[in-house]
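Reader: I would like to learn how to read the core and the salt bridges of a protein model. Please take them one at a time.

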Amino acid sequence: EMNSLYAANPSVGEKLGGARSGVIAAGVDLRALFHRGRGGEVEASLAECRRRVGDSRNPMEQVWLNYCVTVVRARQGDASGALEHGRQSLEWSMQLQNLWFRVLGHAARGQGFFSAGRLDEALEQLEQARVLSIDRNVSKGFAVRAVLPLLSATQLRRGDIDAACAAAKHGVELSRSMGY
């Protein structure tokens with residue numbers, strides 16, 4: 001539905017949400033494709049997201065685009081691409097007062113560092129994302145789906161099994177309390 005609305009009016013959502021809904025929809029498609037095992041369609045969806053953002057100077061759209069590219073590149077094993085787009089996502093997010101986009105920026109940067117095996121730096125960024133999303137109550141749902149699993153994986157790769165278990169348990173408890 002968001003894609004249909006965007007096709008009819010590309011500016012839809014910009015005044016209300018700060019970012020055009022069609023840009024957000026293009027990025028959401030990526031997660032759905034991965035979850036459904038349709039990774040071959042990811043590049044086309046990513047190209048559409050890039051096309052929709054174009055040369056937009058809207059920080060929210062740039063944070064979202066770079067977050068999406070970071071996740072895709074990390075899943076594809078492209079550590080340098082994940083690092084660069086994670087850096088860009090965080091850089092754009094720091095221009096905003098909106099904490100939700102800062103969570104995305106820190107999560108993207110953490111994903112990039114994780115992908116490159118720079119685990120201490122990943123941990124630092126993911127802790128920032130955790131604090132904002134959970135402690136500051138910005139987006140507990142995003143923390144459950146993205147931040148805590150990556151935080152747990154980072155701790156596990158670092159060899160700290162207790163910390164990895166604690167992050168995973170926190171995610172399970174939080175998701176149950178939210179009715180997930």
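Author: What follows covers the core and then the salt bridges. This is a predicted model, where local features need pLDDT of at least 70, side-chain atom pairs count only at pLDDT 80 or more, and totals for chains, interfaces and linings use all residues. Residues are numbered from 1 along each chain as its sequence is written, and side-chain values use heavy atoms, with hydrogens and water left out.

Reader: Which residues touch the most other members of the largest nonpolar core?

Author: A nonpolar core is a set of buried Ala, Val, Leu, Ile, Met, Phe, Trp, Tyr and Cys residues joined through side-chain atoms within 4.5 Å. Buried means under 20% relative accessible area, exposed over 50%, and partly exposed in between (1.4 Å probe, protein chains only). Here the largest core has 42 residues, and Tyr67, Leu104 and Phe142 touch the most other members. Helix H5 (59-75) is among the elements that give it two or more residues. H5 supplies the largest share, nine residues. Helices are DSSP runs (H or I, at least four residues), numbered from the N terminus.

Reader: Which salt bridge links distant parts of the chain?

Author: A salt bridge is a side-chain nitrogen of Lys or Arg within 4 Å of a carboxyl oxygen of Asp or Glu. Glu43 lies in helix H4 and Arg73 in helix H5, 30 residues apart. Glu43 is partly exposed at 35%, whereas Arg73 is buried at 12%.

Reader: How many salt bridges are found in the whole structure?

Author: The search finds eight. Glu84, Arg87 and Glu91 are linked in a network of them.
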